[in-house]
Amino acid sequence: MGTILMPPALSGHTISSGAVTYSSDDTTVANVISTSGIVQAVGAGTANITATQAETPTHKAGSASYRIEVRASGRRIRFTTNIVIVYKGRGAINITEPTFTTPSSGKITYESRDTSIATVNKNTGKVTLTGTLGSAVILMTQAATPTHPEGYGGYEVQVRAKREVATNFYFNPTQVAGAIGVPFTELKPNNNGSPGKITYVSSDPSIAPIDANTGKISGFLKGGNVTITATIAEAETPQKIYLSSTASYRIFVLKKGVAAKLSSLDVTATLGSPFTEPTLSGHTVSTGKVSYTSEDTSIVTVDEDTGKVTLKKAGVTYINVRQATTPTYRAWILRYKITVRLATAAKRNVSIFFGTPKIRGRIGLGSFPTAPSVLGKNGSTGKITYTSSDTSIATVNPNTGNITDMLKGGRTTITANLAETATHKSSTATYELEVLKQSVNLQLSFYGVNGTLGQPVNNVPTLTGQATGSYKGVAAGAITYTSTNPSVVTVDRNTGALTTHSVGRAVIRIRQASTVWHLPSSTFYQVLITNPSDCGGKTDVKIGGGGRTYKVVEIKGKCWMAEPLRLQTGFQNGNNKRSSATDPYYYKNPSANKFVYYNWAAAVAFARNSDKPTGVPVPSSWGSKKIVGWHLPSDKEVSDAFDFKLSAGGTERKLPYRLMTGGEAIRLLFFE
């Protein structure tokens, strides 16, 4: 006793606003809280608990009661829960009974205190719900045994109605566009948490067939509008009933476009002459009918099916080309302009030509050659344009034909194109432009160099005339030096510096390589290398009675005079002319006062015999002016020294040591 019990659920009272109060007919057995109906067991016995609803202006008073049995205190058996709530939905309702444990083996029996709500198997405790909403108390009694007193327990079963929920079922957006042949993403509906199965249907499967279970559209078959409807079935959860609902969205299915085109949108035709219509392409993907119409049939008529044009008169109109729509392709329209002209006289032939077939120009002159004129236009007013076949050689102004630049040496063809006019045919002409490279003339300040073995050769000639700088970004060609006799002298390839190695002669060749804008060039000078002891290291000596000092040079072991003799003889007339063809004499050349000259007979007669190894003495007529230790060289001595072979017929006049100034007068060189 002292147990607190919850009242059974009260129903049917909610239509009235009257207050509900509770009372017990035997407070010695059970007390009840008047406002909540909670019961407290007081003593053993039975009592009736009554719920009374007060009268209102619109409803009468009402009451309901139930009986409660309070037993004397015994062993309490507790269930895993005191209240089991079951929600009633559309179908049968079931209950899972709570369990209990007891140490006693006494017989257990069950009873329901409200069989209109729930019945119970007396022996097993299995509860069966009648489907009526309300509550019932299931009592369990366990008989006493020698070891355990009587036990009791129970729990309340409350049967409540599931709450019906209207499913908020919709698509967002409700209108979309699709196109044939273009991937499409289907819309998915919002189901507001309902577990109901969704099915789909298409209003026109010929436009958009759809999978009933997934809502997937397998592809658009033709253009048009179609509505996709989704239905969500009613579904229950343990406490709710989600009602069935539908939603839909509309698809505007666009047909495929056709990429049709005409080969020309502006054509010209001549009355009386054949005419070829523009070609239609790209339209064959559609099976729609293609048709043709003329906007002015007085100028041109056209076959509706073939597009064949018939010319009627001169003028301008348009031909419209259409293709009809199909279930999958859109219609389209194109038009082309046709200008019909009257027949004209045949165009005149033109054969243009240039005044000269070939011209030349040289790079680096600061100007370009004048282009030849175009002739033979035969009255044509057509525009002339010009091109160069090789713009890496030369470029030309396309409008004037003037040469605008010359870039490198070579040949290019300049072409003039005379455009066709209404009265004249087109024509072309060409000429050749040869672009010459700059010429280069390498020159030296002198062409003979003497050097001494083992000593620096510094008196090298200065080079002039070489190409320098750059042209159009291309630098001038490299200058290189080579020696024809490296055993005598070598030369630095880049600087031209000389290095002696032995006595002898060598030729130093100087070359400048060609480039795209200048030609190659070369020159050379001779180098003579002698021993330093040939003249005893002297460069100046005194010779003869006159006491003059002369320059000397070593050549192949011999010391030679490097300037002519200037001794006077007694043979001279007043006019500084020779008085005899055989007597030795001298005269001065008024224009070369520092030189003394001798007639050929006086100078050469003593040296003609090349077999005399020691040469011939100076003529005795020179008297006290005789040159001691020096003599006039023989032909053999000259030939040995200068690698020169005398030949008959006066070639000796060209010997290096006999420099002619005119007539038969010469300057004499002697050697020791």
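Trainee: Where does Asn320 sit?

Mentor: Asn320 is in strand 27, residues 315-323. Strands are DSSP runs of E with at least two residues, helices are runs of H or I with at least four, and both are numbered from the N terminus. This is a predicted model, so local features need pLDDT of at least 70, side-chain atom pairs count only at pLDDT 80 or more, and totals for chains, interfaces and linings use all residues. Residues are numbered from 1 along each chain as its sequence is written, and side-chain values use heavy atoms, with hydrogens and water left out.

Trainee: Buried or exposed, that Asn320?

Mentor: Asn320 counts as buried, because its relative accessibility is 9%. The cut-offs: buried is under 20% relative accessible area, exposed is over 50%, partly exposed is in between, with a 1.4 Å probe and protein chains only.

Trainee: What does the side chain of Asn320 make a polar contact with?

Mentor: The side chain of Glu295, at 3.1 Å. A polar contact is a pair of N or O atoms within 3.5 Å; within protein, one must be able to donate a hydrogen and the other to accept it, and residues adjacent in sequence count only if both atoms are side-chain atoms.

Trainee: And what else does Asn320 touch?

Mentor: Leaving out residues up to four places away in sequence, Asn320 touches Ser291, Tyr292, Thr293, Glu295, Ile333, Leu334 and Arg335. Contact here means heavy atoms within 4.5 Å.

Trainee: How many bridges join strand 22 to strand 28?

Mentor: 5, and the two strands run parallel. Thr270 has Arg341 in strand 28 as its bridge partner. Two strands count as paired if DSSP finds at least two bridges between them.

Trainee: Switching topic. How many residues are in the largest nonpolar core?

Mentor: 41, and those with the most contacts inside it are Tyr431, Leu433, Leu498, Tyr525 and Val527. Strand 36 gives the most to this core, with 4 residues. A nonpolar core is a set of buried Ala, Val, Leu, Ile, Met, Phe, Trp, Tyr and Cys residues joined through side-chain atoms within 4.5 Å.

Trainee: What is Val527 in contact with?

Mentor: Beyond its neighbours within four places in sequence, Val527 contacts Val449, Val489, Leu498, Gly504, Arg505, Ala506 and Ile508. Apart from this core lies another, of 22 residues, with Val267, Tyr292, Val302 and Trp332 among them.

Trainee: Arg505 is on that list. What stands opposite Arg505 in strand 46?

Mentor: Leu528. Strand 45 and strand 46 run antiparallel and are joined by 9 bridges. Strand 45 is also joined to strand 42 (residues 479-483), antiparallel, by 5 bridges. There, Thr482 stands opposite Arg509 in strand 45.

Trainee: Now Tyr155. Buried or exposed?

Mentor: Tyr155 is buried, with a relative accessible area of 3%. Its place is in strand 13, residues 151-161. Tyr155 and Pro98 are 57 residues apart in sequence and 8.2 Å apart in space, C-alpha to C-alpha. Beyond four places in sequence, the contacts of Tyr155 include Phe79, Val84, Pro98, Val127 and Ile138.

Trainee: Zooming out, what does the secondary structure come to?

Mentor: 2 helices and 51 strands. The protein has 672 residues, and 39% of them count as buried.

Trainee: What is the mean pLDDT of the protein?

Mentor: 81, with 78% of residues at 70 or more. pLDDT is the predictor's confidence in each residue, from 0 to 100.
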